[in-house]
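Student: Could you help me learn to read charged side-chain pairs and how hidden they are?
Tutor: Gladly! Let us open the structure and begin with one term.

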Amino acid sequence: MEILVCVKRVPDTAENEISIKGDGTDIERDDLVYSVNEWDNYATEEAIQIRDKVGGSVTVVTVGDSESEEILRRQMAMGADKGILLADDAFEGSDGRGIASILKAEIQKGKYDLVLTGAQADDGAAQVGGMLAAMLDWPYASLVNKVDVEGGKLKIGREIEGGNQEMNEIELPCVLSIQTGINEPRYVGIRGIRKVASVEIPSHGAGDLGIAAGSVGAAAAKVKRADYFTPELGKGAEILEGSMEEKIDKLIELLKAKGGLK
Amino acid sequence: MAQIFAYIAHKNGVVEDSAAELAVAAKKIDAAAQVTAIVTGSGSTLDSACQGAAKLYAQVWKVDNAALAYPNGEVVRKALAKIVPAGSILLVPHDTFGMDMAPGLSIKLDAAYAADIVGLDGLDGATLKAVRQEFAGMAHTHVAIDTAKGAVLTLRPGSFQPDGAGASGSVTDKSGDAGDLSAKRRFLQVVEAETGDVDITKADVLVSVGRGIEDAENISIAQELADAMGAVVSCSRPIVDAKWLEKARQVGTSGKTVKPKVYMAMGISGSFQHLGGIKGSPFIVAVNKNPKAPIFQVADVGIVENILEFMPAMTEKLG
Ligand SMILES: Cc1cc2nc3c(=O)[nH]c(=O)nc-3n(C[C@H](O)[C@H](O)[C@H](O)COP(=O)(O)OP(=O)(O)OC[C@H]3O[C@@H](n4cnc5c(N)ncnc54)[C@H](O)[C@@H]3O)c2cc1C
Ligand SMILES: Nc1ncnc2c1ncn2[C@@H]1O[C@H](COP(=O)(O)O)[C@@H](O)[C@H]1O
């Protein structure tokens, strides 16, 4: 099975405090730690496991800039066979639809049976996979937490509300968005990264992909971020101050009043 | 002005809470709009769902087809692509169905798409201003959506409070317009979540741990505090994904809905999917080392500390 996994380089929210620049145009990016989007890591692991079971290859692709190469290498260190960088000034400012159009152009240059995305990325839109499938006219399933290859089809589980699982049969080729928890992504050590450090990663731009200028990027975006802002907080929490000991004493008192302690 | 439609989620013939929320959201887009509810399904449960929708919307479009009996996103998208007129604004709940169906529909309708909207500031010409969040709720943004060729919008559950307004709408049967509903994804069955050894939904006090617990071995620290408090340990999703605790202990939209008196959020950032599983307005205590964590916006009491130091200290104090 030829599998393509779409991955994105994002600020790691578990590692960073996100703060907004004074003028609201962006978040402070200077000291951010970036990593591969959490969901995409599960997607890559799933692709590797499917390949190891049924054969074929795994390609990881990202729409980004030269710095995004590091996540392609990281996913190759996990076991992906190949990486492709899609980079061009014309891609900058693309909305989800733009990103999906760029990915679609790359997919149509290859011959893939299965395309995996993460369920969502840093801006929580959860849109690129579904858009991509619609553009390709391939079937789509989101929030996938189980994949079994059964002949020319897949039997998949989708996570739905309450932790229930919706089982489906889906034809190939298809696009699946992968939910966390589907597997346990393997650990990548510094050794693994070194092994792929000098592997050539091809970079494709708008010209290579036959994407008309103006059909992607900021000019084509139907959804534009106007600003970042800090909302007026509601009442917010009463923040307990003092030493650790004082905070605990105060909390115990409050909990007793609320019936949280006998 | 664009026509506005709302996709109605329903189960066993009863419309979900989102039906009333979308009606409120539609008014924020255009106070004067006549909003049409679209209800898809099959048979008698569809009919009762349409009755429910008619209590909230002046017009209801019913689409009855055996292929729509279960809301398979691939099938519903096909029906909506046929039925929703070009240039319309369609509202859909941002739930596991909406995330599945809606992005692709925007492509089929050649409309704009904006997901997980938490606020709406109204239309200015064809530009709709909306509020979203990024980075797991740590940053808010205003977005400008070009609705000139229509828009598909998903709205975060719970973000638009129903205003109690009612209607006595009429139901129009649009089943004949849905066209061919064959799809390359076939729904098989729903597998119910496993029940675990503990029932966190019955606990009065929960000590709930998130990614801030850092390691499987540290779970015992939370258990010791819970024991000292007579509480039960629950958790956020990453703890279950990592297999440090069983799925039955997960609080949230894809886990359990809990109604404790006291909820102790330990190293939990406060994502909407997590908070969506906490009902009944408990007294929420948040301990987090990041003073900007979104959980502090919803908690009653906040403590900025390292939970790995705080929890043992509190256990000792109670001991
Ligand atoms: C469809 C869907 C369904 C989902 N369903 C659920 C669900 O049911 N339940 C759920 O919980 N999530 C769910 N999620 C995931 C959700 O979006 C968040 O990713 C998740 O809730 C984050 O968990 P967390 O707060 O533990 O981790 P994080 O967001 O990583 O937060 C960890 C917090 O711990 C703090 N911290 C770190 N170390 C320490 C320390 N030593 N001391 C004190 N504080 C510390 C950090 O400052 C941070 O605020 C779902 C996501 C999707 C897409
Ligand atoms: N710039 C990008 N390059 C490659 N894949 C992307 C990019 N942006 C989003 N994706 C894919 O789409 C998924 C969902 O992201 P989003 O729709 O932005 O929430 C991600 O998990 C990725 O798999």
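Tutor: A residue is called buried when its relative accessible area is under 20%, exposed when over 50%, and partly exposed in between. Please keep in mind that this model is predicted.

Student: Is Arg73(A) buried or partly exposed, then?
Tutor: Arg73(A) has 14% relative accessibility, so this residue counts as buried. Its salt-bridge partner is Glu69(A), with N and O 2.8 Å apart. Glu69(A), at 24%, counts as partly exposed.

Student: Where do Glu69(A) and Arg73(A) sit relative to each other?
Tutor: Both belong to helix α2 (residues 69–78) of chain A, and because they are four residues apart there, about one helical turn separates them.

Student: Which residue does Asp26(A) meet in a salt bridge?
Tutor: Asp26(A) pairs with Arg29(A), at 2.9 Å from N to O. Asp26(A) is buried at 19% relative accessibility, while Arg29(A) is partly exposed at 31%.

Student: What about Asp47(B) and Lys62(B)?
Tutor: Their closest N and O atoms are 2.7 Å apart, in a salt bridge. Asp47(B) lies in helix α2 (residues 43–54) of chain B and Lys62(B) in strand β5 (residues 59–64) of chain B, so the pair ties together parts 15 residues apart in sequence. Lys62(B) is buried, with a relative accessible area of 14%, and Asp47(B) is partly exposed, with 33%.

Student: Which residues do salt bridges with shared partners join into one network?
Tutor: That network contains Arg158(A), Glu166(A), Asp100(B) and Arg185(B).

Student: And how many salt bridges are found over all chains?
Tutor: A search of the whole structure finds 34.

How values were computed:
Residues are numbered from 1 along each chain as its sequence is written. Chains are lettered from A and ligands numbered from 1 in the order in which they are written. This is a predicted model: local features need pLDDT of at least 70, side-chain atom pairs count only at pLDDT 80 or more; totals for chains, interfaces and linings use all residues. Side-chain values use heavy atoms; hydrogens and water are left out. A salt bridge is a side-chain nitrogen of Lys or Arg within 4 Å of a carboxyl oxygen of Asp or Glu. Buried means under 20% relative accessible area, exposed over 50%, partly exposed in between (1.4 Å probe, protein chains only). Helices (H or I, at least four residues) and strands (E, at least two) are DSSP runs, numbered from the N terminus.
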